[in-house]
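I opened this entry to look up how the chain is put together and what lies on its surface. My notes follow in the order in which I looked things up.

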Amino acid sequence: LAPLTMRRALLVAAAPPAALSLRLFATAPVFVMLAALVLLWAGPAALAQRWSPALLAATHLFALGALSMAMAAALWQLLPVVCGVALPCPQAGARCIHACLGSGAVLLAAAFLGGWPALFLPAAALLVLGLCCLLGCCLPALWRMPPTAPAQVVWAMRLALLALLAAVTLGATLAWGLARGLPLPFPALTDTHVLWAGAGWVGMLTVAVSFQVVPMFQVTPLYPALPARSLAPLILCALLLQSALLLALVFCAFAALTLRLLWQRKRAPEATTWFWVLGLASLLAAAVSWSLVRSPVLLGVLFLYGFAWSIVTGMLYKIVPFLLWHAWAMQGLDKPVARIGVLMPARQARLQLALHAAALLLLALAALYPAWTRAAGVMLYAAAAMLWHQIAQARAASPK
């Protein structure tokens, strides 16, 4: 199979100011800590069943405040440097996304926890504004791609953002129904919302980013072109058909292909490599567990935290030092390359990997046996706090 076309020479001069994305990256672990505090406060009742207010609050804090915040930051950097197109109003857009996603996620969590329907509408308004700002900046840019842009990456990003649009529409409808007490089919709408937000937005964007960052940061062979062209359209087809089986098969194929590329890397595995391995193994486990256990809570833990957050965390240990190094270099300081290895050292990544894996294990256990919920919350908070501290240390060591 022919290899995927990928831009190995990044257009770093086209990158927006590093501070814009770093602010979003640094905020993401804070929302993981907030989700952990919700689990600690609610205890076993949080994970006892899918519709518990604490679980809904923690899930949205994590999915919106942590995952979507980090993914928006990644898009903010990748679109200019990989695809060669400038984002409109990058500073105003990044600030809007940061403020609206953060405040909207907190209000939504408060609405679930307190049982306050009046908060659903302002929460939804802020979240829709922030996510529409992301869509409004990125979608037009993705349709103005120069012919030299990597086509598979571009198309997968386009489809991921369209899936986000569907998820936002469904989420706003649910919020409106909860606020007004409308007789909507909430379980069915929620399932569809989860599919488009999870598999469509989070899953498809992770696939798209992988095409670029796995060969670049993990020094693997390029993705074969035929599977790379097919993965995102197949995910879209599965979403339109609402076929859980097809979704599982496509994501398992992606996981197996990426694990094979990681196995072929010529360098010895490092901590960031093991984050990828853990994330992809969690993706495979999510597919297997759903067919055997059919626990929505366990599926959410394995997909959102085990798969998506593992990969996001692993990428942070590559992207954050690179952004800070680039800011250093752009100021004309001497020997910026000598500084990149000390901004977020490998020993920190190894410690974070151990805490993250322990949190994942306890969360999976708590999904099956809710008595473990508070232990999982403690470990989740510890892992997120350490990640936040390490990003803050790196930012403090960088040039102002």
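I began with contacts (heavy atoms within 4.5 Å): among those in the chain with a separation of 6 or more, 78% are between residues 24 or more positions apart. I note that this is a predicted model, in which local features need pLDDT of at least 70 and side-chain atom pairs count only at pLDDT 80 or more, while totals for chains, interfaces and linings use all residues. Residues are numbered from 1 along each chain as its sequence is written, and side-chain values use heavy atoms, with hydrogens and water left out.

I then looked up the secondary structure, taken from DSSP runs numbered from the N terminus (helices H or I of at least four residues, strands E of at least two), and found 13 helices and zero strands. The radius of gyration (over C-alpha atoms) is 20 Å, close to the 21 Å from the globule rule (2.2 Å times the number of residues to the power 0.38) for 400 residues, so the chain is as compact as a globular protein of that length.

Of the 400 residues, 54% are buried, meaning under 20% relative accessible area, with exposed over 50% and partly exposed in between.

Last, I looked up Val293, which sits in the loop between α9 (271-292) and α10 (296-330) and counts as partly exposed because its relative accessibility is 43%.

Key: Buried < 20%, exposed > 50% of the residue type's maximum accessible area, 1.4 Å probe, protein only.
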